[in-house]
Amino acid sequence: MTDSTDLGAEDRKIITLARSVRARNGVPEGAAVRDETGRTYAAGTVTLDSLKLSALQTAVAMAVASGATSLEAAAVVSEAATSSDADRAAVRDLGGPGTPVLLAGPDGTLRSTTAAG
């Protein structure tokens with residue numbers, strides 16, 4: 001587990017973006033990813049009758065749709081105690097198994113950092 005004070009500015013930024021999306025849209029989760037060029041993509045949970053995506057899956061899809069070829073890091077802001085297998089799989093598909101997935105609580109406090117694996 002990584003302490004919040006150990007995070008670099010870019011990792012704090014994606015947590016802040018994820019937290020902002022969650023609060024602004026009133027969704028259960030917010031997420032943000034940073035691609036290989038430093039661009040960021042932020043998204044919330046998508047819940048439609050025909051489509052259900054976690055916030056992190058949506059952020060990864062946005063990155064892919066925008067031409068990203070890899071990820072440097074991902075962040076999720078949620079009430080959940082751990083990041084889901086499906087979320088880590090989406091990050092792994094684009095960023096590789098070593099890509100860090102940061103999980104923060106709704107107040108932005110980092111709970112864990114896990115490799116996409």
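The protein chain has a radius of gyration of 13 Å, which agrees with the value near 13 Å that a compact globule of 117 residues would have; the radius is taken over C-alpha atoms, and the globule rule is 2.2 Å times the number of residues to the power 0.38. The model is a predicted one, in which local features need pLDDT of at least 70 and side-chain atom pairs count only at pLDDT 80 or more, while totals for chains, interfaces and linings use all residues. Residues are numbered from 1 along each chain as its sequence is written, and side-chain values use heavy atoms, with hydrogens and water left out.

**Overall build**

Taken along the principal axes, the box filled by the C-alpha atoms of the protein chain is roughly 40 × 30 × 25 Å. The chain has three helices and seven strands, and from the N terminus on these elements follow the order α-β-β-β-β-α-β-α-β-β; helices (H or I, at least four residues) and strands (E, at least two) are DSSP runs, numbered from the N terminus.

Of the 117 residues in the protein chain, 42% are buried, where buried means under 20% relative accessible area, exposed means over 50%, and partly exposed lies in between (1.4 Å probe, protein chains only). Among contacts in the protein chain with a separation of 6 or more, 57% are accounted for by residues 24 or more positions apart, contact meaning heavy atoms within 4.5 Å.

**Charges and salt bridges**

The protein chain carries 11 positive and 14 negative charges, whose mean positions are 4 Å apart. In this count Lys and Arg are positive and Asp and Glu negative, with His and the chain ends not counted, and the place of a charge is taken as NZ of Lys, CZ of Arg, CG of Asp or CD of Glu. Side chains of opposite charge can pair when their charged atoms come close. A salt bridge is a side-chain nitrogen of Lys or Arg within 4 Å of a carboxyl oxygen of Asp or Glu, and by this rule the count comes to five. The table gives some of these pairs.

| Salt bridge | N to O distance |
|---|---|
| Asp 11 and Arg 34 | 3.1 Å |
| Arg 22 and Glu 79 | 3.8 Å |
| Arg 34 and Glu 72 | 2.8 Å |

Asp 11, Arg 34 and Glu 72 are linked in a network of salt bridges. The side chains of Asp 11 and Arg 34 meet in one of these bridges, and this pair joins distant parts of the chain, with Asp 11 in helix H1 and Arg 34 in strand S1 (residues 30–35), 23 residues apart. Asp 11, in helix H1 (residues 9–25), counts as buried because its relative accessibility is 18%, and Arg 34 likewise counts as buried, at 8%. Leaving aside neighbours within four places in sequence, Asp 11 is in contact with Arg 34, Ala 73 and Leu 102.

Arg 34 also forms a salt bridge with Glu 72, a pair that links strand S1 to strand S5 across 38 residues. Glu 72 is partly exposed, with a relative accessible area of 38%.

The salt bridge between Arg 22 and Glu 79 likewise links distant parts of the chain, with Arg 22 in helix H1 and Glu 79 in the loop between strand S5 (71–77) and helix H3 (85–95), 57 residues apart. Arg 22 is buried, with a relative accessible area of 18%, whereas Glu 79 is exposed, with a value of 56%.

**Helix H2 and two leucines**

The buried residues of helix H2 (residues 55–65) are Ala 55, Leu 56, Thr 58, Ala 59, Val 60 and Ala 63. Just after H2, Gly 67 takes a positive phi of about 100°.

Leu 103, in strand S6 (residues 100–104), is buried, with a relative accessible area of 1%. Not counting residues up to four places away in sequence, Leu 103 touches several residues, including Val 76, Ala 80, Thr 109 and Leu 110. The C-alpha atoms of Leu 103 and Leu 56 are separated by 11 Å, the two residues being 47 apart along the chain.

Leu 53, in strand S4 (residues 52–53), is partly exposed, with a relative accessible area of 25%. Leaving aside neighbours within four places in sequence, Leu 53 is in contact with Thr 45, Val 46 and Thr 58.
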